[in-house]
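Subject: Structure handover

Hi,

Here is the structure we talked about. Please open it alongside this note; my findings follow below.

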Amino acid sequence: MSLPGTLSVLLVEDSRLDVALFRAVLADALQSGELRLDEAGALSEALARLAEGTYDCILLDLGLPDGRGLDSLPLVRAAAPTAAVVVLTGLDSEAHARAALRAGAQDYLVKGQYQAGVLLQRLRQAVADARRTGFRPPEA
């Protein structure tokens with residue numbers, strides 16, 4: 001359970017190095033209680049966590065071993081229809097990131113290209129956008 005004002009985030013990422021980088025970049029927010037970060041190393045684990053509780057935001061890696069790229073997004077959206085979804089992509093996947101926005105993600109981040117203040121601001125903005133607009137299925 002998060003404290004009021006705490007942003008609860010589920011990081012769905014199979015790379016331990018990327019998880020450690022996120023934790024390092026967000027260390028101050030984690031320590032202050034401004035952010036609660038849970039982790040899932042696979043899509044199946046993320047879906048199980050989403051069935052157990054709610055999150056404000058889900059950081060979703062598109063390259064999960066049990067996921068299928070953008071096909072993972074509708075599964076996460078269905079499991080957490082009120083949460084913001086921010087897609088994580090590699091440098092060579094900007095086209096996939098744009099497609100993820102069309103498919104219902106609020107934002108995307110290129111792995112390794114973020115700073116603490118900017119990252120936290122983008123997560124909060126994604127949550128605000130999701131709350132303001134609500135989830136709408138992608139247009140055909």
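**Overall picture**

Buried residues make up 45% of the 140 residues in the protein chain. Please keep in mind that this is a predicted model.

The protein chain has 6 helices and 5 strands. Reading from the N terminus, their order is β-α-α-β-α-β-α-β-α-β-α. Along the principal axes, the C-alpha atoms fill a box of roughly 40 × 30 × 25 Å. The radius of gyration of the protein chain is 14 Å, which agrees with the value near 14 Å for a compact globule of 140 residues.

The accessible surface comes to about 7,400 Å². Carbon and sulfur atoms account for 53% of that surface.

**Helix α1**

Which residues of α1 are buried? In this helix, residues 16-25, they are Asp18, Val19, Phe22 and Val25. They cover an arc of only 130 degrees around the axis, so they sit on the same side of α1. The general rule behind such a pattern is that an α-helix has 3.6 residues a turn, so residues three or four places apart point the same way.

The other side of α1 holds exposed residues: Arg16, Leu17 and Ala24.

What do the buried residues of α1 pack against? Their partners are the strands β1 (7-12), β2 (35-40), β3 (57-61) and β4 (84-89), plus the helices α2 (27-32) and α6 (116-133).

**Strands β1 and β2**

β1 and β2 run parallel and are joined by 6 bridges. Leu7 has Leu35 in β2 as its bridge partner. In β2, 5 of the 6 residues are buried, so the rest of the structure largely encloses this strand.

**Leu75**

Leu75 lies in helix α4, residues 72-79. The cut-offs are under 20% for buried and over 50% for exposed.

Setting aside neighbours within four places in sequence, Leu75 is in contact with Leu43 and Leu47. Leu120 is 45 residues from Leu75 in sequence. In space, the two are 25 Å apart, C-alpha to C-alpha.

**To look at on screen**

Start with α1, with Phe22 among its buried residues and Arg16 among the exposed ones on the other side. Then turn to Leu75 in α4.

Best wishes

Definitions and conventions: Residues numbered from 1 in each chain as written. Predicted model: local features only at pLDDT ≥ 70, side-chain atom pairs only at ≥ 80, totals over all residues. Heavy atoms only, no water. Helix = DSSP H or I, 4+ residues; strand = E, 2+ residues; numbered from the N terminus. Contact = heavy atoms within 4.5 Å. Buried < 20%, exposed > 50% of the residue type's maximum accessible area, 1.4 Å probe, protein only. Arc of directions from axis to C-beta. Pairing = 2+ DSSP bridges. Rg over C-alpha atoms; globule rule 2.2 N^0.38 Å. Areas by Shrake-Rupley, 256 points an atom, 1.4 Å probe, with all protein chains shown as cover.
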